[in-house]
Amino acid sequence: MNKIASCFLVLVFLFGFAGLSSASTCEYNTKWGFMRMTYNYNNNTMWGNYAYRNGTVSGRIRGGSASGTWVQSDGAAGVFHFNYHDGGFSGYWKYNGDRNWRGQWNGQLIRCY
């Protein structure tokens with residue numbers, strides 16, 4: 001996918017356009033494995049899952065970013081913040097109760113539909 005098409009897809013799922021669907025789903029490659037997220041533009045929410053320990057995410061989208069919570073099958077849980085760009089997202093994560101971010105959470109866009 002060329003850079004212009006990739007950028008257009010990111011804009012579509014972040015901001016929506018009049019006449020387009022009110023939700024979209026995007027897939028990413030991350031260090032935590034394959035990740036699928038759905039974005040709902042009517043109420044600015046997002047949710048999804050990722051491969052590592054059957055993790056799930058949910059949160060709110062605002063402009064070019066998303067913030068929310070993550071939970072894994074082993075009971076681990078915390079918060080995240082993603083900033084979107086034309087090739088995916090860059091962000092951070094931490095456990096509930098942590099003061100500082102623990103590490104990066106980045107995703108390379110595969111496709112949106």
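Predicted model: local features only at pLDDT ≥ 70, side-chain atom pairs only at ≥ 80, totals over all residues.
Local features need pLDDT of at least 70, side-chain atom pairs count only at pLDDT 80 or more, and totals for chains, interfaces and linings use all residues. Residues are numbered from 1 along each chain as its sequence is written, and side-chain values use heavy atoms, with hydrogens and water left out.

**Salt bridges**

Side chains of opposite charge can pair when their charged atoms come close. Here a salt bridge is a side-chain nitrogen of Lys or Arg within 4 Å of a carboxyl oxygen of Asp or Glu. By this rule the model has four salt bridges. Among them are these pairs:

| Pair | N to O distance |
|---|---|
| Arg36 and Glu27 | 3.1 Å |
| Arg111 and Glu27 | 2.9 Å |
| Arg53 and Asp74 | 2.5 Å |

**The Glu27 network**

Salt bridges link Glu27, Arg36 and Arg111 in a network. Arg111 pairs with Glu27 at 2.9 Å. That pair connects distant parts of the chain: Arg111 sits in strand 9 (residues 107-112), Glu27 in strand 1 (residues 23-30), and 84 residues separate them. Strands are DSSP runs of E, at least two residues, numbered from the N terminus.

How accessible are these side-chain partners? Glu27 is buried, at 6% relative accessibility. Arg36 is partly exposed, with a relative accessible area of 32%. Arg111 is partly exposed too, at 41%. Buried means under 20% relative accessible area, exposed over 50%, and partly exposed in between (1.4 Å probe, protein chains only).

**The loop pair**

Arg53 and Asp74 form a salt bridge, with 2.5 Å between the closest N and O atoms. Arg53 lies in the loop between strand 3 (45-50) and strand 4 (55-62), and Asp74 in the loop between strand 5 and strand 6 (77-85), so the pair ties together parts 21 residues apart in sequence. Arg53 is partly exposed at 41% relative accessibility. Asp74 is also partly exposed, at 41%.

**Ser65**

Ser65 belongs to strand 5 (residues 65-71). Is Ser65 buried or exposed? Ser65 is buried, with a relative accessible area of 16%.

Definitions and conventions: Helix = DSSP H or I, 4+ residues; strand = E, 2+ residues; numbered from the N terminus.
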